Amino acid sequence: MEAKKIKKIGVLTSGGDAPGMNAALRAVVRTALSHDVQVVGIRKGYNGLIAGEIVDLKSKDVSNILSSGGTILHTARCLEMMEEAGQKKAANVAKVLGLDALVVIGGDGSYRGMQKLSALGINCFGIPATIDLDMQSSEYTLGFDTAVNTGMDALNKLRDTSNSHERCGVVEVMGRDAGYIALWCAMCGGAEDVMFPEAKEELDTKQIIQQILKNRSTGKRLNLIVVAEGVGGTQKLAEEIQEITGIQSRATILGHLQRGGSPTAIDRMHGSMMGYHVVEGIMRGETNKVVGFNGGKYELIDLDESFEMEKPLDQAVYHVIKTLSI
Ligand code: ADP
Ligand code: F6P
C-alpha cells in the first residue's frame, strides 16, 4: 500500500526544557519544508495543544535559534494531559488541525503523553530531550552534555576557591530520579565522592567523612563532594562535615542554572540529526516512532516498545571515580 501523503506536521516541546531542543525544532521545520510539508508549532507543550495555541513555522522562524538554550516554543508540565478528558481534547485539536504527524520533543513523561495520543489515533513521533539522560530508548538525550559541562564548570570554579581556603565544597546537581548528571559531574570535576539515587549501597555521612579525613591525611588540601538532587540534604551534609571534621565546608546548589545555556556541539549535532531522522521517517510513512541514538547510530523505535527497553546506569563509573580520587 502506498504511504499516505504527508501535508502537515505539528511540533511541540514538553516537560523540562533542555539545551538542544531548539536545534531539534529547527531541524524538524527545515527538513519538513524541504519536502514541501507545512509545519505548525504548538506553544507551551500539551497545554498549547489543548488550548490550540498554534503558530505557523517557516524557515526564517527558526533562524538564529541553533545556539540558544531553552525552547522558543516554550514548554510546560500540563496537568490536564494526565487525565483522559485532557488527552481527548488534545487529540481532537490535533485532528481538527489536520496533523498528519505530531513531533514531541521532551522527556519520559512527554513520551507517556504521546502514547495516550497515539492510542487516540494521532501519529506521534518523539525526540528524546532531558538533561537527566534517563530515557531507556536512547543512549543520548538532548541537553545532557550542556548540563554536565555547566556542572563541571561550576566544580572547576569551586575547586579554585576551595583550594584557596582549604575547604570542602559540597555541590548539588540536578537529577531527581537519575544520577547520570551527578556521576559525570563528579568524574569530570574530579570530586572525591558522589551521592546518587541509584547507588547500590547507600552512602552515609560517616563514610563520606572518613573518606575526607583519609584524603586529607595523604595531603589533599581541598575536598569536593557531589550530591544528586534526588538524594538531597546538601546543606546538612556540609554542616555535618564541618562540625565533625573541623574542615570549613560550603554547600552550593546549582539548581536550574544547569537547564540553561547555549547548547554544546554534541547537543546541536544530536538535536539536528534527530530532528532530521524523525521527519525523514514520517515522510517514509512510518507511524508512532521515537528516535534513539544507540550504538553510534540513529534509529526509529516503535513508541510502545520504547517503554520496554532498558538502560541500566553503569555502576562501574562510581568505582572509577573512587579509584581516581585518592
Ligand atoms: P518530561 O517529559 O521532561 O519527563 P514530565 O514528566 O513533567 O517531563 O512530563 C511532561 C508532560 O507530559 C506532563 O506535564 C504531562 O502533561 C505529560 N505526561 C506525563 N506523564 C503522563 C502520563 N502518564 N499520561 C499522559 N500525559 C503524561
Ligand atoms: O527532568 C529535568 C529536571 O531538570 C530534573 O533534573 C529536575 O529534578 C526537574 O527537571 C526539575 O523540574 P522543575 O523545572 O519543574 O522544577
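Start at ligand 2: one of its oxygen atoms sits 2.7 Å from a polar side-chain atom of D132. That pair is a polar contact, meaning N or O atoms within 3.5 Å (within protein, one must be able to donate a hydrogen and the other to accept it, and residues adjacent in sequence count only if both atoms are side-chain atoms). This is a predicted model, in which local features need pLDDT of at least 70 and side-chain atom pairs count only at pLDDT 80 or more, while totals for chains, interfaces and linings use all residues. Residues are numbered from 1 along each chain as its sequence is written, chains are lettered from A and ligands numbered from 1 in the order in which they are written, and side-chain values use heavy atoms, with hydrogens and water left out.

Stay with ligand 2 for a moment. The residues around ligand 2 include R77, T130, M174, E229 and H256, where being near takes a heavy atom within 4 Å.

R77 turns up again at ligand 1, among the closest of 16 surrounding residues, together with C78, G107, G109 and S110. Here the backbone does some of the touching: a polar backbone atom of G109 is 3.0 Å from an oxygen of ligand 1, and a backbone N or O atom of D108 is 3.3 Å from an oxygen of ligand 1. K116 reaches in with its side chain, placing a polar atom 3.3 Å from a ligand nitrogen. Ligand 1 alone exposes 550 Å², of which the protein buries 80%.

Now zoom out to the domains. The chain is assigned domain 1 (8-143 + 263-306) and domain 2 (145-259), with bounds from an automatic or database domain assignment. Their C-alpha centres are 34 Å apart.

How many residues of each domain are in contact?

Terms used
Accessible areas come from the Shrake-Rupley method with a 1.4 Å probe; for residues, only the protein chains shown count as cover.
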